[in-house]
Amino acid sequence: MTDSKEKRNFSAKMRDTNSAFLPSESPQSEPTHVGFILQKHFSMMAFTAAVDAIVTANLVNTSPLFSYETLAIDSSPIMSDLGIEISADSIINETTASHKSFPKILIICGGFRCSTEAHLPLSMLLKEAAKQGVIMGGIWNGAIALAHAGLLDKQSCAVHPDNHAFMRERFPQVTTSNQVFVSDNNRLSCAGPVSALEMMLYLIGDIHGKAIVRAIKEILSCDQISESSDVRLNQVIDDPCLPEKLRDLMALMAANIEEPISAEELSEFVGISRRQTERLFQHHLETSPSRYYLELRITHARRLLLQTNDSITNIALASGFVSTSHFSNCYKDYFGVSPTLARENR
């Protein structure tokens with residue numbers, strides 16, 4: 001198997017895995033600022049799921065995409081549903097309610113025991129933010145605050161099932177959805193912790209594109225639980241949308257990194273022709289078998305390079321490269337820096 005020496009870009013599947021280590025293709029811009037309004041007894045799990053999404057978005061990009069702050073209602077620190085206190089970056093009161101500078105996105109974090117009563121300074125702040133075109137969202141029952149401010153009239157929203165009766169009785173002009181996550185006219189809402197992550201992924205994708213979301217999921221969905229009781233880590237080769245023969249080929253490649261198998265041998269092992277192998281990779285992964293195999297090996301090398309102190313020579317050999325110079329050239333072609341510089345900057 002030979003490796004071409006031209007400038008390389010990862011194919012789609014492997015690009016998601018390596019996105020955090022690739023040079024940026026677009027000019028750096030100011031990070032999108034997100035404000036999380038924490039209500040007393042807010043769901044810690046839902047809040048951290050939402051924050052995890054934007055923190056991971058920063059990890060998979062060479063420049064930060066988001067910044068965030070926490071806001072308290074009346075006083076700080078704020079007690080979460082777990083009894084853990086969070087110190088807020090700022091406090092919402094009569095003075096800050098008329099503040100003219102807002103994050104681009106405001107998310108109200110609710111929880112099972114959060115109050116459903118209106119809070120005048122918060123309603124004033126949300127109304128002012130709406131005038132400035134701020135994107136707003138509610139987690140768990142956080143959408144209730146938006147409804148009190150009149151910002152969900154004639155719109156649909158998602159809240160925790162425990163709050164459905166209250167919403168329908170108190171806000172008949174708002175459609176309470178049975179969906180776990182709703183996006184409607186610059187307003188987003190979700191019913192709990194899992195949908196909080198999905199809501200933020202939707203928002204991130206809307207701002208920065210689906211490629212960033214795929215890269216985030218590559219990190220956060222490795223232990224996603226299926227219907228089977230035999231739960232194991234999710235990997236690319238577990239994708240049920242891919243044909244079994246292709247997954248077998250990918251598994252063989254992953255199991256033979258140090259001593260790569262030839263294209264002919266791979267095809268023979270799974271009982272198909274080399275031409276069929278090439279068609280499978282091209283149709284489903286939009287790449288060739290040799291290119292996918294090289295990207296798998298260079299990704300393996302990147303992990304060893306940045307996570308161990310092993311020598312570059314040993315890493316090259318462990319990743320199936322015939323020489324250190326060949327490995328260094330391939331690494332620089334993909335990641336824009338030499339293995340030595342990548343290790344110095346880790």
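**Entry 1: helix H7**

I began with the cover over helix H7. Its buried residues are covered by elements that include helix H1 (12-18), helix H2 (44-59) and helix H6 (193-208). I noted that the model is predicted. Next I listed the buried residues of H7 (residues 210-220): Ile 212, Val 213, Ala 215 and Ile 216. Looking down the axis of H7, I saw them fall within an arc of 160 degrees, so they line one face of the helix. An α-helix has 3.6 residues a turn, so residues three or four places apart point the same way.

**Entry 2: the whole chain**

I looked up the overall make-up. The chain has 14 helices and eleven strands. Of its 346 residues, 46% are buried. The accessible surface is about 17,600 Å², and carbon and sulfur atoms hold 50% of that.

**Entry 3: a surface patch**

I searched for a nonpolar patch. Val 55, Leu 59 and Tyr 68 make one of about 270 Å². Leu 59 is part of helix H2. Is Leu 59 buried or exposed? It is exposed, because its relative accessible area is 55% and the cut-off is over 50%.

**Entry 4: a hairpin**

I followed strand E10 (residues 181-184) into strand E11 (residues 187-190). The two run antiparallel and are joined by four bridges. Phe 181 has Cys 190 in E11 as its bridge partner. Two residues sit between the strands, and Asn 185 in this hairpin has a positive phi near 55 degrees.

**Entry 5: salt bridges**

I found four salt bridges in the structure. Arg 274 pairs with Glu 264, with the closest N and O atoms 2.4 Å apart. Arg 274 is in helix H10 (residues 274-285) and Glu 264 in helix H9 (residues 263-270), so the pair ties together parts ten residues apart in sequence. Arg 274 also pairs with Glu 278, at 3.4 Å between the closest N and O atoms. These two are four residues apart in H10, about one helical turn. Arg 274 is partly exposed at 40%, as is Glu 264 at 38%. Glu 278 is partly exposed at 28%. A network of salt bridges links Glu 264, Arg 274, Arg 275 and Glu 278.

Glu 295 is buried, with a relative accessible area of 0%. Arg 291 is partly exposed at 30%.

Conventions. Residues numbered from 1 in each chain as written. Predicted model: local features only at pLDDT ≥ 70, side-chain atom pairs only at ≥ 80, totals over all residues. Heavy atoms only, no water. Pairing = 2+ DSSP bridges. Buried < 20%, exposed > 50% of the residue type's maximum accessible area, 1.4 Å probe, protein only. Arc of directions from axis to C-beta. Contact = heavy atoms within 4.5 Å. Areas by Shrake-Rupley, 256 points an atom, 1.4 Å probe, with all protein chains shown as cover. Patch = residues over 30% accessible without salt bridge, like charges linked within 9 Å, V, L, I, M, F, W, Y side chains within 5 Å. Salt bridge = Lys/Arg side-chain N within 4 Å of Asp/Glu carboxyl O.
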